[in-house]
Amino acid sequence: MTSARDDILGKLRNALSAGLPFPAAETHHTDLPVTQLADGEDLATRFVAEVERVKGVVHRAASPQEALDTLKSLLIERGVQRATLWDERHLPIAGVMPLLGQLNIAQVQGDNVAVETAQAGITGCDWAIAATGTLVLNAGPGRSRMASLLPPTHIALVLESQLIPRLEDWVAGRYGDKLQELRTSSNITLITGCSRTADIEMSPVFGVHGPLEFHVILLRD
């Protein structure tokens, strides 16, 4: 007596041996990009608007010192005592680790059990997509993926020169470098706003699967 599994597999084998073709997927051709930008639109202005649309906050900084001052204020206002962060060589400004020392904030690294005790995660980014307010973060040595996913507050340090127009431009760039960025990263995370879900009755709830607060310190180069 054959099982249901054997019956299904048998039908598949018979279909394949008969050479029955698989249905061709429909192709749709369009010249319209998925996300739109107006001609000459300022990328920084659009990025700020899109981050705010998804309940994130952007803090503009004209200098590295102003960026550090903003970071200091964010940490003090939230009473942060433990933080996890990328290695400073992967952050766009120097002085973050001395700042944590000045504020007596413990640096938490290691496995997820340790990192999830941090109250804030501080990262850089690789790219910032203006049309959707999305950050692209490549994980790797000294660039923990968990720093942006586990703590209740995520603070990202971003340079205006890292802004690109659309997701499609980021994808095109990866093909342009022969997927080298994808090949050398253990994980690539795209972050648009703070964590949210609408699984229950389509009612949005924030901070369920990750950070409840999302802050970008956008630094003019």
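The legends below describe a predicted model, in which local features need pLDDT of at least 70 and side-chain atom pairs count only at pLDDT 80 or more, while totals for chains, interfaces and linings use all residues. Residues are numbered from 1 along each chain as its sequence is written, and side-chain values use heavy atoms, with hydrogens and water left out.

**View 1. The largest pocket.** The largest pocket holds about 180 Å³ of space, the volume being the space filled by probe spheres set on grid points that are joined across faces, edges and corners. Its lining has 14 residues, and L149, I191, G193, C194 and S195 are the closest to its centre. Strand β9 gives the most to this lining, with four residues. On a 1 Å grid over the protein atoms alone, a pocket is an open set of points where a 1.4 Å probe fits, with protein on both sides within 12 Å along at least five of seven lines; lining residues have an atom within 4 Å of a point.

**View 2. The mixed sheet.** Four strands form an open sheet in the order β8-β5-β6-β9, with mixed pairing. Strands β8 (163-164) and β9 (187-192) stand at the edges with a single partner strand each, so one side of each is left without a neighbour in the sheet. Strands are DSSP runs of E of at least two residues, and helices runs of H or I of at least four, numbered from the N terminus; two strands pair if DSSP finds at least two bridges between them. Strands β5 (residues 127-129) and β6 (residues 134-139) pair in the antiparallel sense over three bridges, and I129 stands opposite T134 in β6.

View 3. F214 lies in strand β12 (residues 213-219). At 2% relative accessibility F214 counts as buried (under 20% relative accessible area, 1.4 Å probe, protein chains only). Not counting residues up to four places away in sequence, F214 touches V51, G56, V57, L135, H154, I191, G193 and C194, a contact being heavy atoms within 4.5 Å. F214 and C194 are 20 residues apart in sequence and 5.1 Å apart in space, C-alpha to C-alpha.

Conventions. Buried < 20%, exposed > 50% of the residue type's maximum accessible area, 1.4 Å probe, protein only.
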